[in-house]
Structure formats: structure tokens, C-alpha cells
2 protein chains.
Amino acid sequence: MAAMHGGYKTVSRPYNGGAFFRVEETVTRHGDQEFVRHVVRHPGGVAVVALSGRSAVCVEQYRPAVQRILLEVPAGRPKPGEDPEQTGRRELLEETGCEPTEMVHLTRFYNAPCFCDGVSEVFVTRVRFANEASLPAEDLPTHVRLIDLDDVEYLIRQGAIVDAKTIIALLLARSWCLQASGEST
Amino acid sequence: MAAMHGGYKTVSRPYNGGAFFRVEETVTRHGDQEFVRHVVRHPGGVAVVALSGRSAVCVEQYRPAVQRILLEVPAGRPKPGEDPEQTGRRELLEETGCEPTEMVHLTRFYNAPCFCDGVSEVFVTRVRFANEASLPAEDLPTHVRLIDLDDVEYLIRQGAIVDAKTIIALLLARSWCLQASGEST
């Protein structure tokens, strides 16, 4: 399969080698029943909602698996020896140039437990800017976007945010902000 | 790897055959850059938030990939020739015995676009019961649970709901209910 989108051309071929994940066949027994499932063993990842005021620092990046540029919260897989918070701090800095302050763990979830064991950890943090006005778009890398938390549900409904970890991270960060500011959800 | 949990024993082994998904290697060119990624081609799925009053009909099921029993909204993969709404209606009936009324499309998302192309479609519907009182727990299959939408964020924070599609479906269904009833979010 080949496709060209926004300057990206991706060509695919079958693969059974040493990807960062591996495929296994599982056999589960429960009483007299036995069932076979095929699963992906995946190292998981860490996502960070980096807030400047009520805006989240997001990134646009091309995803070969879906052959589209997606709007996502900064995220990545752990390097050897990293704990989830370290991974999140490193990925945020690498992808956006933003430095986090305190990292608050928001949630953890399985992206697709019907076939994959990968866990996503989600943190929220405030980046080192006094307010939104001091984080002008022109000082950010070209792939960085500031998303107002109040626009998140609209952007999900419009199909502008379609990445599961980003949907979950931004919806829960919005609630976290509301609770932090003493409002009710 | 073998593990025993709640009467389920699962044994895994490496597998490179004909699972319902397949693994591919992709090569993407962008200008002078070239990068290689390994991706999973997945048929995607359909999830349904089936509401009785302000409660969602959920199911507990064992997931061999994570070797845990998870609380999830009813969902499944499309059969040949089905459109997403048909898949959702069939899965809801098969998994819970509940019949949907009108199916409203809530959203679609990629579970893990960093390595997998699978799309989840999410519908919300009201099941054929006049009110919650007429849907007594004792008449439901033993794996069915009624989850109050007002408890969803608490259950996510507690780690009782850890499935991405379920988190997204229930959070958006709560907003849908609030909007349908004329309240603000």
C-alpha cells in the first residue's frame, strides 16, 4: 500500500521481525473452555498535558500507521531505566521545547486491551510561562498548537482530535482545571 | 508467559501467522528524510453506550492481552458487510441482551495511531426500558453492570475503568446527556 499525503509518502510491506512490539498467540483456559487470541505486547507510553493558562500545548505529527497528520498531546515511549514521569518530562521538552513544572499523574489506561497490553500514563503540568500572552505562537516550533481546553469537546466532535490518548488526556485535564479552580464539573 | 487470574489461565507464545490483524513495515519519505516504522493493520471496532436513565449498560470481560477482567462498554469488530451501526446493534444485543432504540453517532477515534490504524466508532442509544427501576440487576446477565454517568470520572480516577474506548465513550455520553437535557457542560 502506498499513499501520498501532505508531502509524506508511505510504502508498507508485511513484516514479522523485531519491531518495538511483538505479536503473541495466547491460549486461555477457564473451566472447561479454551479460547485462542492473538495479542500485541507493547511497551506503552506517557502523555503530558502541558498547560499555559487554559491552553494545552499540542503537536501536529505525521503518523505512518494512519497516513495522516494528527493533533496530539506530547507523548512517547519510555527509554530504558526511565520512570513514567521522566519519560513525560523528556518527551515534552523534546517535542515542544517546553519545560514542565510539577507533574501531576492524571490517569492510566489501556489503549486497546482487546488485543494489546500497552498502557498509557497521563500527566498534567503547567509550563514555565506566566500566562498565555507570554507564550506567543511565533516563538513555538511550527508543529506546536495551543488548544483551549474549552474547545476540546468541539474539536473532538468535528474530528479535529481523533487520537485516543489526546481525547482522554484533554478531557480529564479540563476537569482537573475546573476542580483546581474550585468550580464544579 | 503464563498467569492465573480469577479462574482464567493464559499461556502465550510468539506468533507470526494470520491473526485478525497483521503487522507491516512502513517506509515514509518526506523531502530528503526517510523513516521506518512498524505498524499494525486492524479492522477497528464499534462501541455502544446503552443508556437506561443516566446509567450505562457495561460489561465485565476477561482480556487475555492484559490478563485482567475489565469493565467496558459493549463493543466488537464488524462482520463482513456490516456498517458500523449494524455492528453496534448486534454487539449490544449479543453481549447484554439489550435492544437499542435510535443509534446516535458520538465520535470516532484511533485507539493507538502511533502504531495501529484501527478506528473505533462510538454510538449512544437508549435501551428499551421505561426507567432505571425497570432494569433490575437481577434480570441482567451476570457480567453486566450498570454505571451511573455521574460516577464515571470517579471510576476512572480510581482505576476501575481503564479501557480507552470506555473512558471516551462514557465521558462523551455524559456530555451528550447534559446537552440533551438542556444543561450546560
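The predicted model scores ipTM 0.89 and pTM 0.89. In chain A the mean pLDDT is 87, and 83% of the residues of this chain reach 70 or more. Over residues 130–134 of chain A, however, the pLDDT is below 50, and this stretch has six contacts in the model beyond near neighbours in sequence.

The secondary structure of chain A consists of three helices and 11 strands, which follow one another along the sequence in the pattern β-β-β-β-β-β-β-β-α-β-β-β-α-α. Chain A has 185 residues, of which 54% are buried. When contacts in chain A between residues at least 6 apart in sequence are considered, 56% of them join residues at least 24 apart.

The contact between the two chains takes 61 residues from chain A and 61 residues from chain B. The area buried between chain B and chain A is about 5,700 Å², and carbon and sulfur atoms give 59% of this area. On the side of chain B that touches chain A, at least two residues each are supplied by β2 (8–14), β3 (22–30), β4 (33–41), β6 (55–63), β7 (68–72), β9 (100–110), α2 (152–157) and α3 (164–180) of chain B. The largest share of this side, eight residues, comes from β3(B). Sorted by class, the side of chain B that touches chain A has 32 nonpolar, 15 polar and 14 charged residues. Across the interface of chain B and chain A, the rule finds 11 residue pairs in polar contact, with both residues at pLDDT 80 or more, and zero salt bridges.

Over all chains, by contrast, a search of the whole structure finds 32 salt bridges. Side chains of opposite charge can pair when their charged atoms come close. In chain A, the side chains of R90(A) and E94(A) meet in a salt bridge with an N to O distance of 3.4 Å. R90(A) and E94(A) are separated by about one helical turn, because they are four residues apart in helix α1 (residues 84–96) of chain A. R90(A) has a relative accessible area of 16% and is therefore buried, the cut-off being under 20%. In chain B, the side chain of R90(B) meets that of E82(B) in a salt bridge at 2.5 Å, N to O. R90(B) counts as buried at 16% relative accessibility, whereas E82(B), at 21%, counts as partly exposed. Salt bridges that share partners also join R22(A), E24(A), R41(A) and D117(A) into one network. A further salt bridge in chain B links the side chains of R63(B) and E72(B) at 2.8 Å, N to O, and both R63(B) and E72(B) are buried.

Among individual residues, E91(B) has its place in helix α1 (residues 84–96) of chain B. E91(B) is buried, with a relative accessible area of 9%, and, when residues up to four places away in sequence are not counted, E91(B) touches A75(B), G76(B) and R77(B). In chain A, C177(A) is placed in helix α3 (residues 164–180) and is buried, with a relative accessible area of 6%. Apart from its neighbours within four places in sequence, C177(A) is in contact with L51(A), R54(A), R126(A) and L149(A). The C-alpha atoms of C177(A) and V124(A) are separated by 9.7 Å, although these residues are 53 residues apart along the chain.

Backbone geometry was also examined. Most residues other than glycine have a negative phi, and most peptide bonds are trans. Q67(A) lies in the loop between β6 (55–63) and β7 (68–72) of chain A and is buried, with a relative accessible area of 8%. In chain B, Q67(B) likewise has a positive phi, near 50°, and its place is in the loop between β6 and β7 of chain B. At 9% relative accessibility, Q67(B) counts as buried.

How values were computed:
Residues numbered from 1 in each chain as written. Chains lettered and ligands numbered in written order. Heavy atoms only, no water. Contact = heavy atoms within 4.5 Å. Buried area = accessible area lost by both parts, 1.4 Å probe. Salt bridge = Lys/Arg side-chain N within 4 Å of Asp/Glu carboxyl O. Polar contact = N/O pair within 3.5 Å; in protein donor to acceptor, adjacent residues only side chain to side chain. Nonpolar A, V, L, I, M, F, W, Y, C, P; charged D, E, K, R; others polar. pLDDT = per-residue confidence, 0-100. Buried < 20%, exposed > 50% of the residue type's maximum accessible area, 1.4 Å probe, protein only.
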